[in-house]
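Dear colleague,

I am handing over the structure below, and my notes on it follow. Please read them with the coordinates open beside you.

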Amino acid sequence: MKLIITDIEHFNIPVEGDYKVIRPQGNIHHCIGCFGCWVKTPGKCVIHDGYEGTGIDMGKCTELILISQCCYGSVSPFVKTVQDRAISYIHPDFVLRKGEMHHKRRYKNIITISAYFYGTHITEREKETARNIIDANADNYDGLVKNVCFYNTIKELENMIL
Amino acid sequence: MRIALINGSPKVSNSASGVLLTDLKSFLITSSKTEIKEINLHNTVVSKEALEDLKNTDVWIFACPLYVDGIPAHLLSCLVQLEETDWQDRQVQIYGVVNCGFYEGIQAEFALNILQNWCTKTGFTWGGGIGVGGGGALQQMPTMKNGHGPKAPVEKALGTMTDKIIQRETQKNNYVSIAFPRFLYKMAAQMGWRQEIKANGGKTKELGNQLE
């Protein structure tokens, strides 16, 4: 299954195969740093606003596709909120990976990440930061990076098939 | 010099960011005549009061936790709002202190890069930052005198940054970890998770639940 997290409300990019799209629908609450998704309801966020199950969705996906405005080299606030709320995808315990501390896996699936950033005036430094963050995400999910691309407008993205 | 200490943790109390800002404040107060405003950005919107305080300060110091290799989403939302605010060509110097639950402070590098990139967009001056590893233990660590104790490397980095802030100079990002062995930090954290799930009425094996 492809899991698509995007800040595009009216998402109409064609997708091949099984997929799920998480996009802005109603209000999303930001992560409050309570770790309830690890120590109260392990695997699921404790905030009930329709976005509490993203960690579970990530456990079922083979490809995680982020489609987002580029904000200073980060994904946009909406996409980041979904990511922050989905740390239950990983286990709270630590492991050493590539000589650094990371979290242990909760699920067995290997996620391949693709990131499609859009926005006018994305600087080279922002692009470098974005690539570094997606690499770091892959390390933390114990997954892989497929590709990281940049576009000027959402319109340009509509010409591809995910 | 008017300095804003900005707590960018989503936690209203008991945050590592709060501990770091308290330590930094104690350095700034003893170092020179400074007027300090403490500003909380715990939510997605910057309040009118916070905006007013920011308009009256020359140096902003953000402290926040590392969330998924970046800055927390609510703070990112605040940064977008601050970029869209008319600052009337004010010259503001920005510093950042990002703490991570991982042991290695270097893991906060890209979050500091985000703050630096934001400075480019807003026209503010990036003054550099600190990436603090072992943030999960800061709450429990006492401050000891004469550069001793597990928090000593963090305090040293904050002291060095204080000198730069007072001079309004730029520093290279500095990455530090607590002076506490990594394997013990890992063990302590994992014991903590087990105690917490039990306190919540759960069992330790449920920490690894795989939900369908």
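**The interface and a surface patch**

The contact between the two chains takes 48 residues from chain B and 49 residues from chain A. Please keep in mind throughout that this is a predicted model. The area buried between chain B and chain A is about 4100 Å², and carbon and sulfur atoms give 62% of that area. On the side of chain B, the residues B:V68, B:W193 and B:L211 supply 16% of the area that this chain buries against chain A, which is more than any other three residues supply.

As for polar interactions, 22 residue pairs are in polar contact across the interface of chain B and chain A, counting pairs with both residues at pLDDT 80 or more, and the count of salt bridges between the two chains is 2. In one salt bridge the side chains of A:E126 and B:K121 meet, with an N to O distance of 2.8 Å. The elements that give two or more residues to the side of chain B that touches chain A are helix 3 (73–84), helix 4 (109–122) and helix 6 of chain B; of these, helix 6 gives the most, with 9 residues.

Helix 6 of chain B, which spans residues 182–199, is also the place of B:L184. Together with B:F180, B:F183 and B:M187, B:L184 makes a nonpolar surface patch of about 370 Å². B:L184 is described as partly exposed because its relative accessible area is 32%, a value that lies between the limits of 20% for buried and 50% for exposed.

With best regards

Note on methods. Residues are numbered from 1 along each chain as its sequence is written. Chains are lettered from A and ligands numbered from 1 in the order in which they are written. This is a predicted model: local features need pLDDT of at least 70, side-chain atom pairs count only at pLDDT 80 or more; totals for chains, interfaces and linings use all residues. Side-chain values use heavy atoms; hydrogens and water are left out. Patches are made of residues with over 30% relative accessible area and no salt bridge: like charges are joined within 9 Å, nonpolar side chains (Val, Leu, Ile, Met, Phe, Trp, Tyr) within 5 Å. Accessible areas come from the Shrake-Rupley method with a 1.4 Å probe; for residues, only the protein chains shown count as cover. A salt bridge is a side-chain nitrogen of Lys or Arg within 4 Å of a carboxyl oxygen of Asp or Glu. Helices (H or I, at least four residues) and strands (E, at least two) are DSSP runs, numbered from the N terminus. Buried means under 20% relative accessible area, exposed over 50%, partly exposed in between (1.4 Å probe, protein chains only). Contact means heavy atoms within 4.5 Å. Buried area is the accessible area (1.4 Å probe) that two parts lose on being put together, summed over both. A polar contact is a pair of N or O atoms within 3.5 Å; within protein, one must be able to donate a hydrogen and the other to accept it, and residues adjacent in sequence count only if both atoms are side-chain atoms.
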